[in-house]
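Biologist: I would like to learn how to read a protein model. Could you walk me through one, feature by feature?

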Amino acid sequence: MSERPTTSQNKTKDENEAVAEGTDEDTTMDAIRKFFTQKLNLVTTLDEEDGANKKAFENLTFEGLCDHWKSKGFKNIITMVGAGISTSAGIPDFRSPGSGLYDNLQKYNLPHPSAIFEMDYFEENPQPFFALAKELYPGSFNPTPSHYFVRLLHEKGLLLRHYTQNIDTLERIAGIPDDKLVEAHGTFFTNHCLGCRKLYSMEWMKEQIFSDSVPTCEDCNSVVKPDIVFFGENLPEKFYTLPAKDFNKCDLLIIMGTSLEVQPFASLIDRAGPKCVRLLINRTKVGNDFGGIGAWFMMGPGLMFDNPKNTRDIAYIGDCDDGCLALAEALGWKDELSELIKREHQRLNKENADCKEKRAKEKSKTDDDEKESDETEEKPVDPKNKEKDAV
């Protein structure tokens, strides 16, 4: 005989008490989550029910995404990136074993690798940071195909916003305008005195760094620091004001070259509504283990490409440049992207060559002036002229 269906009328007293207790616990957890969501101005997929169980399109693969893009299109694309989009330019990422930045900081004699980005250590000993800054300084590298793919999205009127963890300013060099950029971890583009807060330009800072001196304020003699976010500092205001507006509009979120380990940046993936397609382009699958407390406190469940309940997440496992080039080819943009990269690299190479030539001429002139000054000082005085001067 089949088991009788359980209803609220035929449950035992203990069962009803257990259900009531569980309901109270769920209600309490939901109330806590909603409290922090409101206080922190968070909007997550957990707050969205409409369309949550319907697939964005049938074939949730990279090829399926490309087919959907060609047939249906996307209008409001957000790109969300980390150091992986800059590695092909020669800039190391932070965590890759052997080649990552953290594995190559021993020469600076740090108490621990992350100390180079900690304010307490910087205020005590800024020299290691500026030595590293000279190695990584913007202008020494050209943007990658990934950067120019984002630029192409902008030129086609599809880029809603570009959120980046990177401080290398390659987005700016690639031609992505300031109003499209959210540089979550700051930038070398502007610099401020730690004492009087006087603003200094990128050109001024570069001159100081490449002269191997610690940049100090011309007014109060305090150290001048690039406006990159050190551990413990607040993120830029844009990071807190724009996501609530942007992610409500977003219909495609492209996540590239990031470990999704650093908060609060990583939590952005769950600001996108349930109908927004999310594409990860990365060497490894990330962002798919946000369960537990994170799922109701700060975030949603993360990327769900390995979950049977997945309705909109796709992973392209490989280098960021390869993923962007594959997208461009599938969308019929390959030649356009290739021409953009070629044209921009030629322009940047010419500008860099002109800049080096100008510096060489300035250095040569300075050396000549110093040599002439030394010769004047060392030139012997004619005794006749000396006697004549005396008379």
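Modeller: Happy to! Let's start with a term: a residue is buried under 20% relative accessible area, exposed over 50%, and partly exposed in between, using a 1.4 Å probe and protein chains only. With a relative accessible area of 38%, Cys 196 is therefore partly exposed. Some ground rules: this is a predicted model, where local features need pLDDT of at least 70 and side-chain atom pairs count only at pLDDT 80 or more, while totals for chains, interfaces and linings use all residues. Residues are numbered from 1 along each chain as its sequence is written, and side-chain values use heavy atoms, with hydrogens and water left out.

Biologist: How many helices and strands does the chain have?

Modeller: Helices (H or I, at least four residues) and strands (E, at least two) are DSSP runs, numbered from the N terminus. This chain has 12 helices and nine strands. Of its 391 residues, 41% count as buried.

Biologist: Which residues does UniProt list under "binding site"?

Modeller: A word of care comes with such records: UniProt positions are given in the numbering used here, feature names are shortened, and annotations may be inferred rather than shown by experiment. The unreviewed UniProt entry lists Cys 193, Cys 196, Cys 217 and Cys 220. They span 28 residues in sequence, yet no two of their C-alpha atoms are more than 8.5 Å apart, so they gather at one spot.

Biologist: What does Cys 196 touch, leaving out residues up to four places away in sequence?

Modeller: Contact means heavy atoms within 4.5 Å. By that rule, and with those residues left out, Cys 196 touches Cys 217, Asp 219 and Cys 220. Cys 196 sits in the loop between S4 and strand S5 (199-201). Cys 220 belongs to the loop between H7 and strand S6 (224-228) and, at 33% relative accessibility, is partly exposed.

Biologist: Where is His 185 found, and is His 185 buried or exposed?

Modeller: His 185 lies in the loop between strand S3 (181-183) and strand S4 (186-193). Its relative accessibility is 18%, so His 185 counts as buried. The unreviewed UniProt entry annotates His 185 as "active site". Not counting residues up to four places away in sequence, its contacts include Thr 164, Ile 228 and Phe 265.

Biologist: What is joined to Lys 225 by a polar contact?

Modeller: A polar contact is a pair of N or O atoms within 3.5 Å; within protein, one must be able to donate a hydrogen and the other to accept it, and residues adjacent in sequence count only if both atoms are side-chain atoms. Here the side chains of Lys 225 and Glu 233 are joined by one of 3.3 Å. Lys 225 is placed in strand S6, and its relative accessible area of 5% makes it buried.

Biologist: At what angle do the axes of helix H4 and helix H7 cross?

Modeller: Axes are lines fitted to C-alpha atoms, for helices over the stretch in contact, and angles run from 0 to 180 degrees between N-to-C directions. The axes of H4 (residues 127-136) and H7 (residues 202-210) come within 9 Å and cross at roughly 110°. That makes H4 roughly perpendicular to H7, a label for 65 to 115 degrees; under 35 is roughly parallel, over 145 roughly antiparallel and the rest oblique. Phe 130, Ala 133 and Lys 134 of H4 meet Met 205, Ile 209 and Phe 210 of H7.
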